[in-house]
Amino acid sequence: MMGSENADGFEETNLNVPKEEMENLVLNGDGTGDVNGDSSNSAYRSAVSTLSTAHDPLSPLPTVLTPADSDPLTAPSSYIEPPSYADVIFSPFDETSDSEINGGEDSSLSPDSLSRSPSSSSSDYIKITVSNPQKEQETSNSIVGGNTYITYQITTRTNLPDFGVSESSVRRRFRDVVTLADRLAESYRGFCIPPRPDKSVVESQVMQKQEFVEQRRVALEKYLRRLSAHPVIRKSDELKVFLQVQGKLPLPMSTDVASRMLDGAVKLPKQLFGEGGASAVPVHEVVQPARGGRDLLRLFKELRQSVSNDWGGSKPAVVEEDKEFLEKKEKMLDLEQQIINSSQQAESLVKAQQDMGETMGELGLAFIKLTKFENEEAVFNSQRTRATDMKNLATAAVKASRFYRELNSQTVKHLDTLHEYLGMMMAVQGAFADRSSALLTVQTLLSELSSLQARAEKLEAASSKVFGGDKSRIRKIEELKETIKVTEDAKNVAIREYERIKDNNRSEVERLDGERRADFMNMMKGFVVNQVGYAEKISNVWARAAEETSQYDRERQSS
Amino acid sequence: MESSTEQARNVMQSPRSPSSQPYLSASVTDPVKLGNGVQAYISYRVITKTNLPEYQGPEKIVIRRYSDFVWLRDRLFDKYKGVFVPPLPEKSAVEKFRFSAEFIEMRRAALDIFVNRIASHPELQQSEDLRTFLQADEEFTFLFQTMERFRFQETGIFNKKPADFMQMFRDVQSKVSDAVLGKEKPVEETTPEYEKLKHYIFELENHLAEAQKHAYRLVKRHRELGQSLLDFGKAVKLLGACEGEPTGKLFSDLGTKSELVSIKLQKEAQQVLMNFEEPLKDYVRYVQSIKEINLDKLMLTRSDKVGEAEIEYREMKAESEEATIRFERIVKRMNEEIVRFQEQKTEEMGVAFHQFAKGQARLANGIGDAWRALLPKLEAASSA
């Protein structure tokens, strides 16, 4: 039974936790470490054993004080026998958490261990590192030379059978990443694809080159790791090709907007004046959303359709289902909003913990200076006594400060999950958008179809009135019937595509919900265990200082 | 082992000691806001308990306001040269803050300490002004103070007669010319001890001020951390509302705990302010008030000598000798005061440090317990 928790808090601090429970909590392998297969357990255990041998005067058992003393600040420490949470908490080997980013020891949650759903077998393994940015130059015939750009080395280690090779290393530039992202978006409509890093045009101008390159390197690594964590996308050809093929990336590049506009301008007249079946949407292109530029006409049509949808125009049967989808979409938006909010508050929390540690340290230093001063200038014994008292306080403050900082760097790692899920929410929105645009295509084709059919009927009615047949009208009717057939086919393809995307949506959202649940629970657990562990450490530090100044305890001495 | 200071204080201030033992103790209580608008002020009840014959009976209650305390201090400062008269809490500059409960309480506590320090000082406790302060009824005090104000005003610039001005000018003149002609020999009038003390006091003030600054910031940090945990708690509760079970409930519990921890931090912030930062500030004030003494003493001795430029040599020599004797007496007193001061400060700071350490330990324990209570549920949920 846990100690009772009053609003006042201070008085009842009995830690009546049964010892076995404590031990179970600690020795359980998934407790605080990351769950990245077997490797995590061993990493966790080795870290724990490192800690217990670490030369830190505070980590061993705090002294057990006289039982008669029910002073809250000393009593709990004596109840906690090892292992206590203080021992469980990882002390980073160095202050910075950069080691993790550069593929070093993962001490806690990291982007590449986000997927911990029980479905992925623990022997699956793929690890991507991005490193070694280098400047390269475009080949050009002009005298001035081509543009310079940065390439990054991307190393992949895996045991996934699809990949063939267990280790590969390629050089890629950011433009290649954009290409990869675009091709994936096309191939995996309806999936929750992790969003790629921003192009950051402004930042690339404003920031220092080195800083910007480093920021981008980190972002790229995170992105690729997320991609490889996705159970479907990690098996995609696009990703494989990106990670393994040396030299130029053999994926069709996304053309820039300007040339697309031009293409569109060229095509438009043909589409408008109905050359052959060109007024209908080419069947294979139905599978893709209308892209600005190339498919201006289709864009206009779909826009008109969506407007008529909004104004309650022709309502094809598909609208019915949308209600459930719309609800889900609402929920997701709400969730996203709360994640954003929590993520912001987490940042404030981290800052406040940081400040606390800093100021505590500064206080300690100020007292150390005072101690030195008093000792140097001491004329009376009272000064030397005071100097000693100050030193005790200063030492405690400096130690506490260090613990606050460690607490904080761990907190950052745990709460990072919130930031990660911001990205995932974007991915979900993307998947929903795929569905909506596929639906729009279907609706457009449906209404196109119905208007074509109406026209055909009118023509037939008109021509039947002319005796002996109306050669020109009959020809028109035939052409129209051709167009109708093509449009029918396109419509069927579009419907199939829509259904497919709906399925993808459903399975993805389900998968993500499960993962999110697991990730959030791990986050909470990690966060709380961390807080408990460091609270213990900090408490020990101050308990000791209080003991060292116990001769000044007026409460005890009141006669 | 109590120091002599403590023993003296304990004897003098404990009403429970046998009635044959002399005791004098005072407490400053019950702050009440009086008056309106700009003229509003706080009055305090000052309760004196004593068996000293000079006082009117075993217990006496009077009403005093901040300016009355200032009067007392000024009187003591003037009369008992060389004594470290305890410092007063500052007059608050910020209008808004002047009547906040926090400020009023802190001031009351500081005034209480002020009076008791005087009452336990071997010399100051015998002061007539102290008796007046502790005993005089309102009307008497009002008259008395008004008289004093008039007297002070007479020596003020605007009441000076032209002849006095001339004297002042000459004083300054001769002082300046002495300096210019290199005749000023302040070193002669000070002892190496004195210089060492002065250096110590100045340096000490710097160090203490820095420590106090960080202590004050630390109070703020407690509050900020508390606030951020409160906001974080609210945010995760809202997040929990979006999620299904079991995550939703867990977030809700996490949020509640976060809010609880926030309250603990706010409480501790107040404790740190009162029991740690305030004593440090008091220490700084004390050192600053000692600084005042030093300069004053120097000025006094100097102007004593310099002002006599017109009097004949013989008289001047006698005056100068007298001044030197006076100066030496003051220095002796100051040395005694220093011992007392150092002991007192070690005691007071020791108490402050101990309370701070205890408070921090208590806080950390409370926080640990709060979070720990969540673990069984989290454990159960994640293994499910």
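User: How many residue pairs does the rule find in polar contact across the interface of chain A and chain B?

Analyst: In this predicted model, the rule finds 19 residue pairs in polar contact across the interface of chain A and chain B, with both residues of each pair at pLDDT 80 or more. On the side of chain A that touches chain B, at least two residues each come from α1 (19-27), α12 (322-377), α13 (381-465), α14 (471-548) and α15 (554-557) of chain A. The most is given by α12(A), which supplies 25 residues. Sorted by class, that side of chain A has 44 nonpolar, 18 polar and 19 charged residues.

User: What makes the meeting of E362(A) and R217(B) a salt bridge?

Analyst: The rule asks for a side-chain nitrogen of Lys or Arg within 4 Å of a carboxyl oxygen of Asp or Glu. Between the side chains of E362(A) and R217(B) the N to O distance is 3.5 Å, which is within that limit, so the pair is called a salt bridge. Across the interface of chain A and chain B the rule finds seven salt bridges, while the count over all chains comes to 50.

User: Why is the pair D237(A) and K240(A) also called a salt bridge, and where do the two residues lie?

Analyst: The closest N and O atoms of D237(A) and K240(A) are 3.9 Å apart, and the cut-off is 4 Å, so this pair also meets the rule. Both residues lie in helix α9 of chain A, where they are three residues apart, about one turn of the helix.

User: How do you know what area is buried between chain A and chain B?

Analyst: The size of an interface is often given as the accessible area lost when the parts come together. For chain A and chain B the buried area is about 7200 Å², and carbon and sulfur atoms give 70% of that area. The contact takes 81 residues from chain A and 79 residues from chain B.

User: Why are β1 and β2 of chain A said to pair, and which sheet do they belong to?

Analyst: As one example, Q137(A) stands opposite T148(A) in β2(A). The open sheet of chain A has three strands in the order β1-β2-β3, with antiparallel pairing. Its edge strands, β1 (126-137) and β3 (167-173), each pair on one side only, and the twist averages 20° from one strand to the next.

User: Which helices of chain A touch this sheet?

Analyst: Helix α6 (residues 174-187) of chain A lies across β2 and β3, running at about 105° to β3(A). Helix α9 (residues 237-244) of chain A packs on the sheet and touches β1, β2 and β3, with its direction making about 90° with that of β3(A).

User: What makes β1 and β3 of chain B edge strands?

Analyst: In chain B, three strands form an open sheet in the order β1-β2-β3, with antiparallel pairing. Each of β1 and β3 (59-65) has a single partner strand, so one side of each is left without a neighbour in the sheet, and they stand at its edges.

User: How do you know that β1(B) and β2(B) pair, and what lies between them?

Analyst: Nine bridges join β1 (residues 24-34) to β2 (residues 41-50) of chain B, and at least two are needed, so the two strands count as paired. Among the facing residues, A26(B) has T48(B) as its bridge partner, and T29(B) stands opposite R45(B). The two strands form a hairpin with six residues between them, and G35(B) in the turn has a positive phi of about 80°.

Terms used:
Residues are numbered from 1 along each chain as its sequence is written. Chains are lettered from A and ligands numbered from 1 in the order in which they are written. Side-chain values use heavy atoms; hydrogens and water are left out. Helices (H or I, at least four residues) and strands (E, at least two) are DSSP runs, numbered from the N terminus. Axes are lines fitted to C-alpha atoms, for helices over the stretch in contact, and angles run from 0 to 180 degrees between N-to-C directions. Contact means heavy atoms within 4.5 Å. Buried area is the accessible area (1.4 Å probe) that two parts lose on being put together, summed over both. A polar contact is a pair of N or O atoms within 3.5 Å; within protein, one must be able to donate a hydrogen and the other to accept it, and residues adjacent in sequence count only if both atoms are side-chain atoms. Ala, Val, Leu, Ile, Met, Phe, Trp, Tyr, Cys and Pro count as nonpolar, Asp, Glu, Lys and Arg as charged, and the others, Gly among them, as polar.
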